[in-house]
Amino acid sequence: MANTILIIEDNEDLLELEEFHLINAGFDVMGFLSTKGVVETLEEESVSLLIVDRNLPCVEGSEFVRELRDKGYDMPVIFVSAKGNQNDIEEGFLRGGDDYITKPFSMNELVLRAKAKVKRYLGSSVSKIKYKDLVLNKESNELYIKNSKVTITKLEFKILTYLIKNRDRVVSRDELLEEIWKDDVGYRSVNMAISRLKSKIELEKKYIEAIRGVGYKIC
């Protein structure tokens with residue numbers, strides 16, 4: 001779902017209209033009437049753009065975006081809001097917005113801006129693999145968790161990359177041996193390497209699950 005856009009808009013009619021036009025433009029769209037469930041969705045889905053109303057129930061939209069930025073989410077954000085004076089717009093950008101559209105607006109303008117933001121974001125992400133709050137830079141073999149660099153070996157980088165690319169299934173030890181090691185080592189080498197990797201990245205949360213008698217799965 002590389003072209004997925006997530007919209008948070010508490011006006012149901014407007015949300016449906018935005019969804020309709022963006023879907024017609026070729027995007028996969030997920031709509032929310034509040035921020036409830038958004039973080040959980042971002043942890044599971046690859047989202048290329050957020051479109052966020054600022055006047056939301058429970059939490060102000062730009063405050064919510066600032067919280068997402070603090071957690072390491074870097075996808076572009078377009079604010080859509082009736083708050084249209086210069087101070088409001090500046091505040092939106094300072095809190096993590098990449099664009100700002102003042103209500104009322106044309107759906108054509110929204111679609112054009114969405115296309116531009118997604119194209120630029122996907123272009124900049126070619127050298128990166130992103131999963132939840134993990135970002136792997138394929139050019140430098142560097143790993144970042146919540147924007148903090150974590151030092152891992154090239155072997156550990158390959159293992160984590162392979163597990164993330166195959167996150168929808170369990171990866172067997174035999175497969176890891178064939179794809180990562182490509183030489184005559186045993187299961188013990190796999191187990192030890194993953195154990196070392198887990199000790200480096202799982203300081204706050206679990207990322208790799210061992211499936212007894214089968215292999216490993218990213219979680």
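## A buried aspartate

D133 is buried (under 20% relative accessible area, with a 1.4 Å probe and protein chains only) but forms no salt bridge, and its nearest side chain of opposite charge, K205, is 4.0 Å away. A salt bridge here is a side-chain nitrogen of Lys or Arg within 4 Å of a carboxyl oxygen of Asp or Glu. For charge, Lys and Arg count as positive and Asp and Glu as negative, leaving out His and the chain ends.

This is a predicted model, in which local features need pLDDT of at least 70 and side-chain atom pairs pLDDT 80 or more, while totals for chains, interfaces and linings use all residues. Residues are numbered from 1 along each chain as its sequence is written, and side-chain values use heavy atoms, without hydrogens or water.

## The loop around D133

You will find D133 in the loop between β6 (128–131) and β7 (134–137); strands are DSSP runs of E with at least two residues, helices runs of H or I with at least four, numbered from the N terminus.

C58 is exposed (over 50%), at a relative accessible area of 87%.

Finally, have a look at K103 and P104: a cis peptide bond joins them, with omega about -10 degrees. P104 lies in the loop between β5 and α5 (107–124).
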